[in-house]
Amino acid sequence: AQDSCAHQCGELLGTCSCQVTCQSLGICCPDYKEFCLQISPYSGSLMGGKDFLIENTAFNVSSVITCRFKQSIITSGYVAKDGKAHCISPLLYETGFIPFDVSTDDGLTFPYSGTWLSVHHSKVSDGEKCTLVNETKWQYYGTPNTDGNLTLTWTQQALAATHINIEVWGYQETGDSYSENWLAEWKYLYTLAREIPNTGKFSFIPVPANGNYSTWDFGILRITPRSYSDGQSNIPSVWSSEHALAWHLGKDFRNDPNAWATAKCVEWQRKEEKLPDFMEEIIDCPCTLAQARADIGRFHTDYGCDIEKGSVCTYHPGAVHCVRAIQASPQYAAGQQCCYDSTGTQILTRDSTGGSTPDRGHDWGSPPFLKPPRIPGFSHWLYDVISFYYCCLWSDNCHVYMKKRPSSDCKTYHPPRAASAFGDPHFLTFDGLNFTFKGQGEYTLVESDLTSLRVQGRTQQVHFPNGTEAQVTGLSAVAMQENNSDVIEVRYSEEHLEVLLNQKVVNFSEQSWMDLKGLFLHSMADQNITVMFSSGSGVEIRGSGGFLTLTVLLPEKFMNHTQGLFGVMNGNTEDEYTFKNKTTMSVHASPQQLFEFGAHWAVENGTSLFTYDTEYLLNNFFFGEKHNASFLPVFIPYEDPADPLVKEMVLLCGSDSFCRFDVLTTRSLEVGRSTKLSHQNHKLLVENLQPVISCGWLDHPTNGRKNGTNYLLGSTISFICNQGYELTGTKERICQVTGTWSGDTPNC
């Protein structure tokens, strides 16, 4: 009898497969498509309430559908008239891929399974939420000059109902901070409007909420069909964005918002003083905008202030770009933010209100999520955003907030090191050596004993413009993993990049950013793929001219902990060609010797991270040799003065030997052009990642002021006393090569 995929999705069975690769290999169990579910949409907000369709399985119309997430959270499902089943996504306190299974026998057995992608509430598209029209008005309601009507709009079709209810929910965290009993909760508070027509619009004049509810100052609205009871969990819903609930706060707030908020700000300050200091353990900021944008493994654009989108930096006047640290700090799960002005210099809160402020709660949350302070978005709102309303927006006490959330300077920041591979593979190592290795096979580009990081590359033979095979290879796939993280593979597939997550093709149509196990994955519109591992190492892959261009960035802690084709990262190029047994080959080795060095780093089936999901890949790379010893590339191409291509090549490439090499061996100027570009990009990256010396922030003297807010090498800060005071000490201090300021502290 054939095996069945019931309860077995993802497994390889005796007679057939329920793994995702079974389809392209043609070895699926007959009922694979019935039990291993494809869903649409595949993602939605972690707040839940989204209806999704099970695409591939037809159910009996009378079936009672039960959907179960993470083995424990039950939501109801239903079968529509067309025989397709639907599930409702649940409220989750985490982001990422969530396993779910489905029962058709009222919850006795759950043989069908799939995964749902839970997304940070701010990363969900606006169309999926209801809109607070003029959101600022909602969040300042009751402060001077803010009153009148409030309006909420939504997409009518989002809920299959003629009449709807609008509810108010509040978020709270209870128990003791940083202890086991610290818990997060979204709580239904009251129903704002009942049984109103589903027209897609509702306007009202807000009144202070009854009794206790008016003390909830951070929350969200939920629209549901009227057929459900108040506050019922995991039902079809449309949520608003989370916001400060100024509009329903009590009479005490409306009578004197400034006094109310000042009292809240002072209370927040008192609470903060009892909590542990998270500032000690967050990463320091990059010194310059160039470093911040180049360190893609550890910092990512802060969407609230993005130079690519016209630098609309509402909360950071004077800044042109901010970044956030990708990883939360180890113990307290805190976040870092860094902002820069138009000269590329860091802006600090101690000099300007436009400065960056670190976060007690990382905005994106952090694994394993589920409990404070790691709840995506909402922990951050509670510790860092609502307090900003108390101190800075609803009252005039911003100095209190800034004192508790001062910017970090860059005194201890060390840029990462970069290595790249591109073209007919040319390799630029972490220590800056470059060489060409054109083996055909699968090779270890870098591996590290520090975090079990492994990045592997596959090369395939290049074709001439006329379709015949050239005697050179190019990078066609890269696979990577760190510790026991998810495995990511990026490969060329018919002119576009295909990304595999644990062997399954990733679809970026709904989400371009994914929180995965041990890493974050980001796909840019122009097909740049970035993988950010939890160690702070980053991998960026682009498609160019038919091959992949790969860049790996490693933080300083990887010094003396790498091996592979990208060499030993230790600042010394002499030992780049190091074999597994730690013997080395001279850096002046011939191309033929380098070919042997490369072959030595071929991967083995037991340690390969690649997916072999076609006959071609199985035969050529899995059952075949990992390094094709019979393939001998062109080592040194011949430049024939009579060759018409040579003239064009010289014009295109100039003195770039990689570009010249690739034009001659592939007969394609297009390949040469993309090689030249990749080479230039690498040089620029290395330049942007040069260490910068910082002497740290300098204060002005009491009864005096200072000129200058740049604290990097060569900067000058001068001091002036107020009228009637005289300056002793140094009038002008310069940041020196030693990382210290010249002269002595001035006094007035």
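Student: Where is Pro 41 found, and what makes the peptide bond from Ser 40 to Pro 41 cis?

Tutor: This is a predicted model, so every value here is computed from it. Pro 41 is found in the loop between β1 and β2 (43-45). The bond from Ser 40 to Pro 41 has omega near -10 degrees, and it is cis. Most peptide bonds are trans. A cis peptide bond also joins Pro 372 and Pro 373, with omega about 0 degrees. Pro 373 lies in the loop between β19 and α7.

Student: Which strand pairs with β3 over 4 bridges?

Tutor: Strand β6 (residues 84-88), again in the antiparallel sense. There, Ala 58 has Lys 84 of β6 as its bridge partner.

Student: Why are β23 and β28 called edge strands?

Tutor: Take the strand order. The open sheet has 6 strands, β23-β24-β25-β26-β27-β28, with antiparallel pairing. β23 (441-448) and β28 (504-505) each have a single partner strand, so one side of each is left without a neighbour in the sheet. For β23, 7 bridges join it to strand β24 (residues 453-463), and the two run antiparallel. In that pair, Val 446 stands opposite Val 455 in β24.

Student: What makes Glu 180 and Lys 371 a salt bridge?

Tutor: The closest N and O atoms are 3.7 Å apart. The cut-off is 4 Å, so the pair counts. The pair links distant parts of the chain, 191 residues apart. Glu 180 is in the loop between β11 (163-174) and β12 (183-197), and Lys 371 is in the loop between β19 (337-340) and α7 (378-393). The whole structure holds 27 salt bridges by this rule.

Student: Which domains does the assignment give?

Tutor: Domain 1 (37-119), domain 2 (129-255), domain 3 (257-404), domain 4 (417-636) and domain 5 (704-742).

Student: How do you know that domain 3 and domain 5 are in contact?

Tutor: Contact needs heavy atoms within 4.5 Å. By that test, 5 residues of domain 3 are in contact with 5 residues of domain 5. The C-alpha centres of the two domains lie 28 Å apart. Domain 3 and domain 5 bury about 380 Å² between them, 62% of it on carbon and sulfur atoms. Cys 287, Thr 345 and Asp 351 supply 77% of the area that domain 3 buries against domain 5, more than any other three residues.

Student: What makes Asp 351 and Lys 706 a salt bridge?

Tutor: The N to O distance between their side chains is 3.0 Å. That is within the 4 Å limit, so the label holds. The rule finds 1 salt bridge across the interface of domain 3 and domain 5. It also finds 2 residue pairs in polar contact there, with both residues at pLDDT 80 or more. On the side of domain 3 that touches domain 5, the residues divide into 2 nonpolar, 2 polar and 1 charged.

Student: Which residues does Thr 301 touch, not counting residues up to four places away in sequence?

Tutor: Asp 306, His 321, Cys 322 and Val 323. Thr 301 itself lies in strand β17 (residues 299-301). Now take Phe 59, 242 residues from Thr 301 along the chain. Their C-alpha atoms are separated by 45 Å.

How values were computed:
Residues numbered from 1 in each chain as written. Predicted model: local features only at pLDDT ≥ 70, side-chain atom pairs only at ≥ 80, totals over all residues. Heavy atoms only, no water. Domains from an automatic or database assignment. Buried area = accessible area lost by both parts, 1.4 Å probe. Polar contact = N/O pair within 3.5 Å; in protein donor to acceptor, adjacent residues only side chain to side chain. Nonpolar A, V, L, I, M, F, W, Y, C, P; charged D, E, K, R; others polar. Pairing = 2+ DSSP bridges.
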